[in-house]
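Visitor: Please put the structure up. I have some questions about where residues sit.

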Amino acid sequence: MAAVAFSSLGWAFDLFDLFILLYVAPILAKVFFPSDNPMLSLAGVYAAFTATLLMRPLGGYLFGTYADRNGRKRAMVVAATGVGLSTGLMGVLPTVQTLGVLATLLFLALRLVQGVFMGGMVASTHTLGTESIAPHRRGLASGIISGGGSGVGKLLASLAFLLVGALFPGPEFEVWGWRVMFFTGLLSSLLGLFVVTRLQESPMWVALQQEKASRKLAASNPVPSSLKAFVPAVLLGIVLTTAGGGLSYLTSGYLPTFMKLVNHVKPTDLGLILSGSALAVIVSSVAAGALTDWIGRKRAMVIYGLVSLVAIPLLYQGMSSATDLHSIGLHAVLLSGVGTFCYAPLLIVLNERFPTALRASGTSLSWNVGFALGGSMPVLVSLFTKVAADLSLSLAVSTALLAALYLAATLLTPARDNRMS
């Protein structure tokens with residue numbers, strides 16, 4: 001379980017850097033994407049977020065290939081360093097008011113660089129943990145690493161948001177607070193490296209290298225060297241991660257913006273609610289991953305898809321009309337918990353589709369392309385929503401469509417529970 005825990009923490013520290021943007025999105029809209037239309041400015045921020053996701057497939061391919069050839073741990077060290085440094089540099093950028101459109105371009109450039117390294121983190125964290133645990137606990141490992149790591153990253157970002165908001169209250173946050181939020185990315189990088197350097201290499205990858213070295217591989221059973229034979233698995237994995245990732249981004253990922261624009265929640269209260277929501281993500285994802293070990297991946301995923309199809313639209317409609325803080329907080333916690341159901345088992349489902357020799361590259365390619373597409377959902381929702389009052393309807397419709405897509409892809413996915421070689 002040590003490898004699972006460390007993989008989860010490594011993933012959490014790097015997702016912390018990614019989530020920072022979501023927590024300060026309304027401010028960045030003014031700083032880097034000023035416009036007379038607030039929703040258009042917000043769409044610009046989410047486009048910058050999507051730019052990071054669009055570069056992740058490239059990072060997944062580069063680091064995935066490296067991880068399959070040279071080990072998961074080495075890839076993770078380089079990727080963790082790159083994510084932290086690129087995030088920290090965003091905090092020193094001049095604003096549009098100072099440098100004009102060049103400030104926006106520099107911000108986008110750093111988001112692109114961050115995306116390459118984020119793709120590299122997927123290649124290592126998303127294979128090492130599940131390859132280092134007993135087969136009957138791989139679903140649990142999937143929930144801990146992907147969903148649990150995501151929840152820890154969100155929780156750390158929420159706590160940082162609370163602390164920085166207290167240090168730079170009111171207008172000061174719009175001047176200096178958002179910069180300090182990005183500077184904390186350097187700290188997360190150092191913590192991530194501390195965790196990563198204590199990881200042991202994947203035993204399955206080590207065994208494969210030993211087998212290669214001793215030439216025990218029979219000529220009739222060669223190790224696959226290309227993903228060409230796994231194109232159907234990659235394509236189906238992309239559809240699954242597009243739907244599951246989209247549901248995650250349109251729930252816990254979009255909540256900071258929704259609560260500020262629709263519910264008008266104050267920054268301090270927002271930080272507390274988001275902290276509770278992050279805890280819900282951790283508990284929900286671990287439970288959702290573990291359930292796939294007990295009743296099977298496909299059966300559990302069908303249940304998750306059906307629950308998401310009904311519950312998420314209803315919760316967003318209810319949240320839009322909630323007026324007291326406790327009700328808003330309850331809706332946010334439930335949305336975060338349900339929104340991670342479909343996301344939690346994706347890691348192990350992808351891992352079980354590829355052999356050890358190609359697992360890092362196959363999983364990271366499927367995951368990163370899917371999440372690049374799923375991560376574009378907040379941009380689309382923001383663009384197609386004319387006023388903030390219509391956000392709940394837009395989110396209800398889009399999440400229902402994603403849940404339906406997830407169900408269809410799940411039914412087409414062959415069951416390969418615990419078959420990893």
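The questions and answers below concern a predicted model.

Visitor: Is Thr-52 buried or exposed?
Guide: Thr-52 belongs to helix α3, residues 38–70. Its relative accessible area is 0%. Buried means under 20%. Therefore Thr-52 counts as buried.

Visitor: Which residues does Thr-52 touch, not counting residues up to four places away in sequence?
Guide: Leave out residues up to four places away in sequence. The contacts of Thr-52 are then Leu-18, Arg-111, Gln-114 and Gly-115.

Visitor: Why are the buried residues of helix α9 on the same side?
Guide: Helix α9 spans residues 203–213, and its buried residues are Met-204, Trp-205 and Leu-208. An α-helix has 3.6 residues a turn, so residues three or four places apart point the same way.

Visitor: What is the relative accessibility of Ala-408?
Guide: Ala-408 sits in helix α18, residues 391–412. Ala-408 counts as partly exposed, at 39%.

Visitor: How many Å apart in space are Val-77 and Trp-294, C-alpha to C-alpha?
Guide: Val-77 is part of helix α4, residues 72–90. In sequence, Val-77 and Trp-294 are 217 residues apart. In space, C-alpha to C-alpha, they are apart by 34 Å.

Note on methods
Residues are numbered from 1 along each chain as its sequence is written. This is a predicted model: local features need pLDDT of at least 70, side-chain atom pairs count only at pLDDT 80 or more; totals for chains, interfaces and linings use all residues. Side-chain values use heavy atoms; hydrogens and water are left out. Helices (H or I, at least four residues) and strands (E, at least two) are DSSP runs, numbered from the N terminus. Buried means under 20% relative accessible area, exposed over 50%, partly exposed in between (1.4 Å probe, protein chains only). Contact means heavy atoms within 4.5 Å.
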